[in-house]
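I opened the model today to look up a handful of positions and contacts. My notes follow in the order I took them.

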Amino acid sequence: MAAEALETKEAERVEEMEKKLKEKKMSWGKLRRVDSLSLEAGRFSDFSGLHGSKFDWKTTVSLAFQSLGVVYGDIGTSPLYVYSSTFTDGIHHRDDVLGVLSLIIYTILLVPLLKYVFIVLWANDSGDGGTFALYSLICRYTKVSLIPNQQPEDRKLSNYRLDTPSNQLSRSIKIKEKLETSKAAQIMLFLITILGTSMVIGDGVLTPCISVLSAVSGINSLNEDAAMGLTIAILIILFSVQRFGTDKVGYSFAPIIFLWFSFISGIGLYNLFKYGIGVLRAFNPKYIINYFNRNGKQGWISLGGIVLCITGTEAMFADLGHFNVQAVQISFSGIVFPALLSAYSGQAAYLTKFPNHVQDSFYKSIPAPLYWPTFVVAVAAAIIASQAMISGAFSIISQSQSLGCFPRVKVVHTSVKHEGQVYIPEVNYMLMAACVVVTLGFKTTEKIGNAYGIAVVAVMVITTCMVTLIMLIIWKTSMWRIVLFITVFGAVEVVYLSSVLYKFKQGGFLPLAFSFFLMAIMGTWHYVHKQRYMFELSNKVSGDFVKNLALNPDVSRVPGMGLLYSELVQGIPPIFPHFVGNIPSIHSVLVFVSIKSLPISRVAPEERFLFREVEPRDQHMYRCVVRYGYKDAVEDPKEFEQQLVEGLKEFIRHRRFALEEGGQVDPAEKHSNANILRGSSSVIHNEEAVSARHQTLPSVSSGSIQSVNVSKSAHSSSELLQAAEDDMQFVQKAMEKGVVYLLGEAEVVAEPNSSLFKKIIVNYVYTFLRKNFRQGKKVLAIPRSRLLKVGMTYEI
């Protein structure tokens, strides 16, 4: 009787376990990913974000209104200084006003409206814009990244989206192959990218100076020095409040900028009807030809002032991540473009009557009752324009850092609603100091405008080149359209670039010097970052070392969980034997954590973790790749630990299910004594053989199960399920006993036989940057009480 009761109880237990296992099978079948790191931790989630959803017209109009305060502050305040920067020596002929107005009209029509609003905005990276977004988009379709950490599973992320057209043109394939095989082309593309980002960061210095100074100059009673002092005071206050974040005052940005556009368009229409509607003849492009025939070289030089009418155009693309394409198109076409045309036309009408007022044409053309209200709104708009460019600089540096192109700095996320709003203290005070120095050194908007133009046009030329590459490789646009795009827009921008470069000595050197300084920092950091990765890749730990380590009686296992950090995704880093050599003990659960940045803006939390078990299997050692997009924030340690452990337990559960399912043995594994078992839409690989098999293994669809006839009993199923539960409990208890972070402090030096230039770059420049910027433990917010560091020297 006792035996029968025991058998009945055991049968009920087995039946309950089988029921749980079937539920796991059902949930397992829902997984839609196949990845080379065994199993993806988590299920597929729709993470298309703002741009992947369809909005009704009310939401789109609301977003269009909100975009006014974020995107258009810079281009909206340009009427304050364009005419004064163009006619630096005064107006010599009445029709010159019509010629300049005609140039302004067609420049705004061609560059911001046609090029950016209707073409460039569509070259976004899952909704995000900017130079880095273009580079990330190209990297996703072609293997041009300088760091070889690409993995097949990255392309299966829900936000990775490779919507390649079916008509594979030979032209696109040839260009792609050329880029992937040419190291020079890859380096050139990277240098162009960091040059463009450096120029945009330079805008973060020049925009506050010229915008605030031009707005403050509206007080007629102030002399040059007083206006400069007031500008510096406003700038210092502006940078001092950055730590509070734009989210605190962001709700008021759009109404203020909308009020500003209402003011300038209304004043423009007033001046247009009062002083002469005849200036609308400037819509005839013949006045452009007449202007250059009449002024010759001076007309060409004046283009350096005219180009300031499109300052901030790049912001439309860079700030796209907060909105959608349709919202930006509506706001620019429906509000910004008409308001700017009215403002410039009204000023032109006023200047035909009062040409001597050209240095202060905006404020002098304002009707007396509206003077002070317009002045107050102008200062507010200038501050908002400055705020947008400063926030943009923070965002770009944050992206650069995540992609290994900038030294580690503290990134503070200032808003729980908007992921893109960040604050970087070190950069903030550097920008503030630069703004104060520029304002003190240049003193007038005319001189700052000479410097400003180069940064504006250079970024536009770079964007044109990169979008052309996207047309060739990704969009596979017909050749005649590509030629038309590069001919029209490239020609316009090159002419403007030649004009602003003419003013190199008058201040144009500043953005170039600033950009090359930033490029040197970014290039140095990325070069050593890449060489360090290659060193770890070539010196990664073999599987035999780990197997021998398990049999070594001198190495003890201590309670708790250890997280050993590394950037290497293809194996165990060489710092691990150094840890064991200095501290002959390892934790009961050891996870090799690799932080990896992907060329996409964001990674869904459910798709962040990838796991693989390190042989031998009973040692509780795992590898984990943690994937972030360039706009993702690193979680705090407590949240990160919880997510990692939950993902690891899910991996263990699914791994046991795959073991229970059984599967075909990969021929590549037979000769390596590896244990490979196939489950539904997944493969568990041995560590050493996985890289070689990525090209040979057939893909397994989510709906298929490849298996062999293996006799499975209820008893074996229950054992596997119980083993999984035991392993999960073991991991949970290890975490509860304490998590210790193991961080390698690698000192990177050049090899003794390296060139003198390389030794200077690696041993001095990089070392200086590493020591004077934040260390990895601070960036990852690792608690000091749970941090264990071991030093090691890398010779690259």
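**Entry 1: Thr 374.** I went to Thr 374 and found it in helix 18, residues 371–402. This is a predicted model. Is Thr 374 buried or exposed? Its relative accessibility is 0%, so I put Thr 374 down as buried. I then asked which residues Thr 374 is in contact with, leaving aside neighbours within four places in sequence. The list is Trp 260, Phe 263, Ile 267, Phe 362 and Ile 366.

**Entry 2: the chain as a whole.** I took the totals next. The chain has 796 residues, and buried residues make up 57% of them. I noted 30 helices and 11 strands for the secondary structure. I also looked at contacts with a separation of 6 or more: 84% of them join residues 24 or more positions apart. The accessible surface of the chain is about 33,300 Å², and carbon and sulfur atoms hold 60% of that.

**Entry 3: a nonpolar patch.** I looked up which residues make a nonpolar surface patch of about 470 Å². They are Leu 269, Phe 273, Ile 277, Leu 280 and Phe 283. I picked Ile 277 from this set and located it in the loop between helix 11 (253–275) and helix 12 (286–295). With a relative accessibility of 44%, Ile 277 is partly exposed. I then moved on to Lys 286 and Tyr 287. The charged end of Lys 286 sits over the ring of Tyr 287, and I recorded 5.5 Å to the ring centre.

**Entry 4: salt bridges.** How many salt bridges does the structure hold? I have 5 in my notes.

I checked the cover on each partner. Lys 115 is buried, at 0% relative accessibility. Glu 493 is buried too, at 3%.

The next pair is Lys 649 with Glu 646, where the closest N and O atoms are 3.3 Å apart. Both residues are in helix 25 (residues 637–661), and because they are 3 residues apart, about one helical turn separates them. Lys 649 is buried, with a relative accessible area of 15%. Glu 646 is partly exposed at 37%.

I also wrote down the salt bridge of Arg 653 with Glu 650, with 2.5 Å between the closest N and O atoms. This pair lies in helix 25 as well, again 3 residues apart, or about one turn of the helix. Arg 653 is at 21%, so I list it as partly exposed. Glu 650 is at 17%, so I list it as buried.

**Entry 5: aromatic rings.** I count 28 aromatic pairs in the structure. One of them is Tyr 350 with Phe 354: the ring centres are 4.9 Å apart and the planes meet at 35°, so I recorded the pair as tilted. Tyr 350 is buried, with a relative accessible area of 4%. Phe 354 is partly exposed, with 34%. I also asked which residues form one aromatic cluster. I noted Tyr 565, Phe 609, Phe 611, Tyr 622, Phe 640, Phe 651 and Tyr 741.

**Entry 6: positive phi.** Most residues other than glycine have a negative phi. I looked at two residues with a positive value.

Lys 476 has phi near 55°. I placed Lys 476 in the loop between helix 20 (445–475) and helix 21. It is buried at 9% relative accessibility.

His 620 also has phi near 55°, a positive value in a residue other than glycine. I found His 620 in the loop between strand 6 (609–613) and strand 7 (621–628).

Methods. Residues numbered from 1 in each chain as written. Predicted model: local features only at pLDDT ≥ 70, side-chain atom pairs only at ≥ 80, totals over all residues. Heavy atoms only, no water. Patch = residues over 30% accessible without salt bridge, like charges linked within 9 Å, V, L, I, M, F, W, Y side chains within 5 Å. Areas by Shrake-Rupley, 256 points an atom, 1.4 Å probe, with all protein chains shown as cover. Salt bridge = Lys/Arg side-chain N within 4 Å of Asp/Glu carboxyl O. Helix = DSSP H or I, 4+ residues; strand = E, 2+ residues; numbered from the N terminus. Buried < 20%, exposed > 50% of the residue type's maximum accessible area, 1.4 Å probe, protein only. Contact = heavy atoms within 4.5 Å. Phe/Tyr/Trp six-rings, centres within 6.5 Å; stacked < 30°, edge-to-face > 60°. Lys NZ or Arg CZ within 6 Å of the ring centre and 35° of its normal.
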